[in-house]
Amino acid sequence: MPEEAESERMTRMETMTGRDNLDFLSASTIKGDKVVNKAGEHLGKIEELMIDLEDGRVAYAALSFGGFLGLGSKLFAIPWQALQMKLHDHAILLDIPKDILEKAEGFDKDHWPVTNREWLSAMYSYYGYQPYWKAERIESRPGNL
């Protein structure tokens, strides 16, 4: 990441981490953040966040994992629910065993999968998560946001 872009990103993070109750982050703040497991091992970094335009939710995060110095690395779709923000550590915790991640079907950064509900269901199931669109929804009524 160029020095100027990294400096801008760090400034945004410092501003946000100074707040007591952080409930929202910009996608650009998360992009490039390191991803670690519970053992503290570096797994990769967030390359992109994919938004479901129909539901207005983050469908998944694309994690770069593997390779040496970014060479030969693949991207992996990770359910958003599998990630926990560690703002004060400037990291994201991924609670999925490393061997499961190593066996996952990844994709090349130049050849993204066709994203549809069938593909997302299979990906969520692989990691042991229920797809977000199958979760029970609260009916929207006038006066409720």
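**Entry 1: the sheet**

I start with a working rule: two strands count as paired when DSSP finds at least two bridges between them. I also note that this is a predicted model. With that settled, I looked up strand 2 (residues 42-52) and strand 3, and I found them paired in the antiparallel sense over 7 bridges. I picked out two facing pairs here: I46 stands opposite L63 in strand 3, and K45 stands opposite S64 in strand 3.

Strand 2 and strand 3 form a hairpin, with 4 residues between them. I made a note of G56 in the turn, where phi is positive at about 65 degrees.

Next I followed strand 3 (residues 57-65) to strand 4, where 6 bridges join the two and the direction is antiparallel. I noted that A62 stands opposite A77 in strand 4, while A61 has I78 of strand 4 as its bridge partner.

In what order do the strands of the open sheet come? I read off 4-3-2-1-6-5, with 6 strands and mixed pairing. Strand 4 and strand 5 (83-86) stand at the edges with a single partner strand each, so one side of each has no neighbour in the sheet. I also wrote down the twist, which averages 40 degrees from one strand to the next.

**Entry 2: what covers the sheet**

I looked for a helix against the sheet and found helix 4 (residues 117-127), which packs on it and touches strand 2, strand 3 and strand 4. The direction of helix 4 makes about 85 degrees with that of strand 4.

Is strand 3 enclosed or open to the outside? I counted 7 of its 9 residues as buried, so strand 3 is largely enclosed by the rest of the structure. Strand 4 (residues 74-79) is mostly covered as well, with 5 of its 6 residues buried.

**Entry 3: the core**

I moved on to the largest nonpolar core, which has 28 residues. Which members touch the most others? My list reads I46, I78, L94, L101, L120 and Y127. I then asked which elements give two or more residues to this core, and I got strand 2, strand 3, strand 4, strand 6 (91-94) and helix 4. Strand 3 gives the most, with 5 residues.

I stayed with Y127 for a while. At 10% relative accessibility, Y127 counts as buried, because the limit for that is under 20%. Setting aside neighbours within four places in sequence, I found Y127 in contact with F76, A77, I78, P79, I96, I100, L101 and A104.

**Entry 4: aromatic rings**

I searched the whole structure for aromatic pairs and got 6. One of them joins Y126 and Y127: the ring centres are 5.0 Å apart and the planes stand at 85 degrees, so I logged the pair as edge-to-face. Y126 has 36% relative accessibility and counts as partly exposed.

I logged another edge-to-face pair, Y132 and W133, at 5.0 Å centre to centre and 90 degrees between the planes. Both Y132 and W133 are buried. I also saw that Y124, Y132 and W133 form one aromatic cluster.

**Entry 5: two loop residues**

I found N37 in the loop between strand 1 (34-36) and strand 2. Is N37 buried or exposed? Its relative accessibility is 9%, so N37 counts as buried. The side chain of N37 reaches the backbone nitrogen of A39 at 3.1 Å. Leaving out neighbours within four places in sequence, I listed L43, L93, L94 and K98 as contacts of N37.

My other stop was H111, in the loop between helix 3 (98-103) and helix 4. H111 has a relative accessible area of 60% and is exposed. I also looked up the spacing of H111 and L75: they are 36 residues apart in sequence and 9.9 Å apart in space, C-alpha to C-alpha.

Conventions. Residues numbered from 1 in each chain as written. Predicted model: local features only at pLDDT ≥ 70, side-chain atom pairs only at ≥ 80, totals over all residues. Heavy atoms only, no water. Buried < 20%, exposed > 50% of the residue type's maximum accessible area, 1.4 Å probe, protein only. Axes fitted to C-alpha atoms, helices over the stretch in contact; angles between N-to-C directions. Contact = heavy atoms within 4.5 Å. Core = buried A, V, L, I, M, F, W, Y, C linked by side-chain atoms within 4.5 Å. Phe/Tyr/Trp six-rings, centres within 6.5 Å; stacked < 30°, edge-to-face > 60°. Polar contact = N/O pair within 3.5 Å; in protein donor to acceptor, adjacent residues only side chain to side chain.
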